[in-house]
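User: I have not worked with this structure before. Could we go through it together, one topic at a time?

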Amino acid sequence: MSPGRPVSGEHGPALVVRRPGEVVLEERCVPAPGPGEVLVRPQVVGLCGTDLEIVDGTIDPAYTHYPLVLGHEWSGTLAADGQAPADGEAAADGDLPPGSLVVAEGIVPCGHCPHCRAGQTNLCLTYDELGFTRDGAAAAFVTVQRSLVHPLAPGVGAEDAALAEPASVVYRALAGAGIAPGWRALVVGDGTVALLAVRLLALWSPAETVMLGRREGQAALAARAGAARFETDGRAAGTGYDLVIEAAGSTDAVLSALAAARRGGTVVLIGLPPHGATAAVPVDDVVNNDLIIRGSFSYTSAAWSEVVTLLNAGLLELGFLVTHRFPLTEWQAALDTLRGQASPRGKVMLTIGSA
């Protein structure tokens, strides 16, 4: 038996949303990886506001199916390969040994629609994603497509790796914004995505990055992420920014972002307000100020690969964002923490297993 390979009949816990408002920790049998799939033992799973929307049933129904195992931000160790050689046989080139630390893209692209062929895997015509339409990683085991798996270099921590998913969302948004070195940037929001935006903006060498948040207690995390200033008053944050990133996920934040950009500036919307939310946008100001407004949905395979490359090269350290850790059995406390307003609060992590 290869190290780390599951035993037939093995089972383990899974955090399941049976239907909106009903969350349970239940025992499930280990899924068998099929051809082209791998079985992974998750180590850590991050929770975010979207998980709360899934629990509450407020997410756009086009993007989730119930019942569902939560967990779209995660890392884990390889347990078995659906096409792995039998014991004693040679492994094919590129095969990863059991126990390797890996991450896996959550979006499962079809690979043949016009968007996929153009590299826009985030816009695949067949929407399918771990933790949304198929079971996620808040469980003892998860199966994923082998083609979506990325190995991590020695020295990359499991928590850093688990943040590859939200970091890829941010990286894709920034990479498409046409940022020039020396720009002044404002990030609206003070949660994990906003903090990641501050950290990743450094890759484009801005002259200054300011964070406009709501919770004074987030100031230290903002400084660690690289913010030159942290403000809770829009007047103190000021205006005239070359680039404004909206990462709070509220309609008020969108209006604040539009008002803070300079004439000819760029506003990137990453935050996702509740389904159906609308904002009274001053259209004349948008036109008169010649603003570029870019919405950015999720990540592409290319963005994910770039983030993993940065992690493996030691150029991106993200684990400082983790402020709360809970074992899987304390999932309710983790969700309660995520709902609360206490700060400092960065990423809330569930610990599933260990290396």
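This is a predicted model: local features need pLDDT of at least 70, side-chain atom pairs count only at pLDDT 80 or more; totals for chains, interfaces and linings use all residues.

User: OK, and what about phi at Asp-290?
Analyst: Phi is positive there, at about 55°, although Asp-290 is not a glycine. Most residues other than glycine have a negative phi.

User: Is Asp-290 buried or exposed?
Analyst: Asp-290 is exposed, because its relative accessible area is 56% and the cut-off for exposed is over 50%.

User: Which loop holds Ser-298, and what is its phi?
Analyst: Ser-298 sits in the loop between S14 and helix H10 (301–312). Ser-298 is not a glycine either, and its phi is positive, about 55°.

User: And Ser-298, buried or exposed?
Analyst: Ser-298 counts as buried, because its relative accessibility is 10% and buried means under 20%.

User: What is Ser-298 in contact with?
Analyst: Setting aside neighbours within four places in sequence, Ser-298 is in contact with Ile-107, Asn-122, Ser-168, Val-169 and Arg-172. Thr-300 is also placed in the loop between S14 and H10, and Thr-300 counts as buried at 10% relative accessibility. With neighbours within four places again left aside, the contacts of Thr-300 are Gly-119, Gln-120, Thr-121, Asn-122 and Arg-172.

User: Let's move to sheets. What is the strand order in the sheet with S14?
Analyst: The sheet is open and has 6 strands in the order S11-S10-S9-S12-S13-S14, with parallel pairing. Strand S11 (229–231) and S14 are at the edges; each has a single partner strand, so one side of each has no neighbour in the sheet. On average, neighbouring strands of this sheet are turned by 20° against each other, direction ignored.

User: How many bridges link S12 and S13?
Analyst: Strand S12 (residues 241–246) and strand S13 (residues 261–269) pair in the parallel sense over 5 bridges. Within that pair, Leu-243 stands opposite Thr-266 of S13. Helix H8 (residues 251–260) packs on the sheet and touches strand S9 (184–188), S12, S13 and S14. The direction of H8 makes about 150° with that of S13.

User: What is the strand order in the sheet with S1?
Analyst: That open sheet is made of 3 strands in the order S2-S1-S4, and the pairing is antiparallel. Its edge strands are strand S2 (22–29) and S4, each pairing on one side only. Strand S1 (residues 11–19) pairs with S2 in the antiparallel sense over 8 bridges, and Ala-14 stands opposite Glu-26 in S2.

User: Which residues touch the most other members of the largest nonpolar core?
Analyst: That core has 55 residues, and Leu-174, Ile-179, Val-187, Met-211, Leu-243 and Ile-245 touch the most other members. Among the elements giving two or more residues to the core are helix H4 (164–175), S9, helix H5 (192–201), S12 and H10. A second, separate core of 34 residues includes Leu-15, Leu-47, Trp-74 and Leu-335.

User: What does Met-211 touch?
Analyst: Not counting residues up to four places away in sequence, Met-211 touches a number of residues, including Leu-186, Val-187, Ala-194, Leu-195, Val-198, Ala-222 and Phe-230.

User: Now H11. Which of its residues are buried?
Analyst: The buried residues of H11 are Trp-331, Ala-334, Leu-335 and Leu-338. These residues lie on the same side of H11, because they cover an arc of only 95° around the axis. They pack against S1, S2, strand S3 (37–47), H1, strand S15 (322–327) and S16.

User: Last topic, peptide bonds. Which form, cis or trans, joins Tyr-66 and Pro-67?
Analyst: That bond is cis, with omega about -5°. Most peptide bonds are trans. Pro-67 is placed in the loop between helix H1 (49–56) and strand S4 (68–69).

User: And what about the bond from Ser-343 to Pro-344?
Analyst: The bond from Ser-343 to Pro-344 is cis as well, with omega near 10°. Pro-344 is in the loop between helix H11 (331–339) and strand S16 (347–351).

Note on methods. Residues are numbered from 1 along each chain as its sequence is written. Side-chain values use heavy atoms; hydrogens and water are left out. Helices (H or I, at least four residues) and strands (E, at least two) are DSSP runs, numbered from the N terminus. Buried means under 20% relative accessible area, exposed over 50%, partly exposed in between (1.4 Å probe, protein chains only). Two strands pair if DSSP finds at least two bridges between them. Axes are lines fitted to C-alpha atoms, for helices over the stretch in contact, and angles run from 0 to 180 degrees between N-to-C directions. Contact means heavy atoms within 4.5 Å. A nonpolar core is a set of buried Ala, Val, Leu, Ile, Met, Phe, Trp, Tyr and Cys residues joined through side-chain atoms within 4.5 Å. The arc is that of the directions from the helix axis to the C-beta atoms.
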